[in-house]
Amino acid sequence: MMDAQIWSSLPVPAVLIDPQENIADVNPAGEGFLNASAKSLLGAPIWDKLAVDAPLEESLERARAHGTPLFVNDVDVGPGSRPPLVCNLQIAPMQGRDGYMLMLISPRELAGRMTQNHSVKSAAKSAIGMAEMLAHEIKNPLAGITGAAQLLSMNLPAEDLELTDLIVGETRRIVKLLEQVEQFGNLTEPEHHPVNIHDVLDRARRSAQLGFGAHMTFVEDYDPSLPMASGDADQLLQVVLNLVKNASEAAPEGGIVRLKSYYEHSFRLRRSDGTGQPLPLQIEIIDDGPGLPPDIRGDVFDPFVSGRENGTGLGLALVSKIISDHGGWISVDSVPGRTVFRISLPRAAT
C-alpha cells in the first residue's frame with residue numbers, strides 16, 4: 001500500500017478496489033464522502049456502497065484487463081444515503097498489485113447540495129418576505145384601477161372598450177400574481193399525520209383528468225406495499241397537483257404522465273449540521289415533454305424562475321417550500337422526452 005501519511009492526506013475521496021470489485025481500502029476523505037467508517041466499508045462490494053449514474057462496471061473491467069486508466073466526467077455520484085453530487089472520476093491500475101484499481105472522486109459541488117439549497121432558501125425567504133409586503137400594498141390601488149376602468153367602460157363606445165378591457169384584464173393578472181406571492185407567507189406549517197401517498201396521487205390524477213390534463217394519458221406505477229408517509233395531506237396534494245399541471249402543460253397532445261411510487265431504504269437526507277433523516281418514501285411525476293430549458297434546470301425551484309412564456313415562476317418555488325417544511329427533498333432530472341420530479345418523504349411513525 002502507498003505511504004499511509006500520503007493516503008490520509010489526499011484532499012479528495014479515494015477508494016482502492018480489489019479484483020472482485022470489493023473495497024480494499026478507503027482514505028478519510030472517502031469515509032466522509034461515503035458517510036461510513038472504513039471498518040464498515042472494507043470488504044463490501046463497491047457498487048453497494050457507491051451509486052454512480054453511469055454504467056461503469058464493464059468499463060472498469062476493460063480498464064483493469066488492459067491496465068489503462070479510466071476517466072468519467074460530470075456524473076452524479078453518491079453513497080445512496082444522501083443526494084448525489086456532480087463529480088469527476090479518475091480510475092487507474094494500482095502499480096504492483098494486479099487487478100487492484102484506485103478510484104479518485106472529485107466533487108464539483110464542494111459545499112454539497114444541501115448547503116447550497118439552504119443558502120438559496122434563506123435568500124428566497126428574505127426576498128419573498130419583502131415581496132409579500134409589497135404585494136399587500138399594491139393590491140389595494142390595483143382594485144381601484146380595476147373599478148375605475150369598469151366605470152369608464154360604461155360610457156365608452158364599443159370601439160374603445162378594448163382599452164378598458166385590457167386594463168381590467170392586466171390588473172386582474174397582476175392581482176393573481178400577487179396572491180401567489182402572498183401564499184408563501186400565509187402557508188401554515190404542515191400538520192403531520194399518517195398520509196396514504198396513493199390517495200394523494202389518485203386525487204390529483206382525477207382532478208387533472210377532469211380539467212387541465214384531459215388531453216393526457218395517466219399511468220399509475222405504484223408500490224402497493226408502500227407504508228404511510230408523515231405529512232399534511234392537503235399540502236402534499238397541492239404539490240402533486242402543481243407538478244402534474246406542469247407536466248400536462250409541457251407534454252404534447254396525447255402525452256403520457258406517469259405517477260410512480262416506491263420505497264428506497266437507503267435514502268437519507270444529510271443536513272449541513274451533520275444530522276440526517278431517513279426519507280424512504282419516493283414519489284415520481286414523469287412526463288414525455290420537451291424537458292426543461294437548459295439555462296434554468298438548476299434554478300427551477302427558485303422564486304420567479306419560469307420556463308414558460310408569461311409564467312410567474314412561483315409554482316415550483318412553492319412546491320419546494322412545502323416539501324422543505326415537511327423535512328423532505330425534491331429534485332428534478334430533465335432531458336428532452338423525459339422529465340422526472342422526485343419527492344422523498346419521511347415515513348409515518350408506527
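## Strand 10 and its neighbours

In this predicted model, strand 10 and strand 13 run antiparallel and are joined by 7 bridges. Within that pairing, leucine 259 stands opposite isoleucine 285 in strand 13. Strand 10 also pairs with strand 8 (residues 217-221), and here the two strands run parallel, with 5 bridges between them.

Strand 13 in turn pairs with strand 15 in the antiparallel sense over 7 bridges, and leucine 281 has leucine 345 in strand 15 as its bridge partner. Strand 15 is also joined to strand 14 (residues 329-335) by 7 bridges, again with the two strands running antiparallel, and valine 332 stands opposite phenylalanine 341 there. The hairpin of strand 14 and strand 15 has 2 residues between the strands, and in it glycine 337 takes a positive phi near 95 degrees. Because 7 of its 8 residues are buried, strand 15 is largely enclosed by the rest of the structure.

## The largest nonpolar core

The largest nonpolar core holds 36 residues, of which Ile197, Leu243, Ile285, Ile343 and Leu345 touch the most other members. Six elements each supply at least two residues of this core, namely helix 8 (197-209), helix 9, strand 10 (256-263), strand 13 (281-287), helix 10 (315-325) and strand 15 (338-345). The largest share comes from helix 9, with 7 residues.

Helix 9 (residues 233-250) has 18 residues and spans 26 Å from its first C-alpha to its last, close to the 26 Å expected at 1.5 Å a residue. At its start, a side-chain oxygen of aspartate 232 reaches to within 3.1 Å of the backbone nitrogen of aspartate 234. The buried residues of helix 9 include Leu236, Leu237, Val239, Val240, Leu243 and Val244, and among them are also the polar side chains of Gln235, Asn246 and Ser248.

Helix 8, with 13 residues, reaches 18 Å between its first and last C-alpha atoms, close to the 18 Å expected at 1.5 Å a residue. Asparagine 196 caps the N-terminal end of helix 8, where a side-chain oxygen lies 2.9 Å from the backbone nitrogen of histidine 198. Buried in helix 8 are Ile197, His198, Val200, Leu201, Asp202, Ala204, Arg205 and Ala208. In helix 10, the buried residues are Leu316, Ala317, Leu318, Val319, Ser320, Ile322 and Ile323, and the helix is followed by glycine 327, whose phi is positive, near 75 degrees.

Strand 5 (residues 85-93) and strand 6 (residues 101-107) pair in the antiparallel sense over 7 bridges, with alanine 92 opposite leucine 102 in strand 6.

The loop between strand 1 (14-17) and strand 2 contains glutamate 21. Most residues other than glycine have a negative phi, whereas glutamate 21 has a positive phi near 65 degrees. Glutamate 21 also counts as buried, at 16% relative accessibility, since the cut-off for a buried residue is under 20%.

Leucine 178 lies in helix 7 (residues 161-186) and is buried, with a relative accessible area of 10%. The C-alpha atoms of leucine 178 and isoleucine 138 are separated by 8.2 Å, while the two residues stand 40 residues apart along the chain.

With ring centres required to lie within 6.5 Å, the count of aromatic pairs comes to 0. Charged side chains do, however, lie over tyrosine rings: arginine 97 is over the face of tyrosine 100, at 4.3 Å from the ring centre, and lysine 260 is over the face of tyrosine 262, at 5.3 Å from the ring centre.

Key: Residues numbered from 1 in each chain as written. Predicted model: local features only at pLDDT ≥ 70, side-chain atom pairs only at ≥ 80, totals over all residues. Heavy atoms only, no water. Pairing = 2+ DSSP bridges. Helix = DSSP H or I, 4+ residues; strand = E, 2+ residues; numbered from the N terminus. Expected span 1.5 Å × (residues − 1). Buried < 20%, exposed > 50% of the residue type's maximum accessible area, 1.4 Å probe, protein only. Polar contact = N/O pair within 3.5 Å; in protein donor to acceptor, adjacent residues only side chain to side chain. Phe/Tyr/Trp six-rings, centres within 6.5 Å; stacked < 30°, edge-to-face > 60°. Lys NZ or Arg CZ within 6 Å of the ring centre and 35° of its normal. Core = buried A, V, L, I, M, F, W, Y, C linked by side-chain atoms within 4.5 Å.
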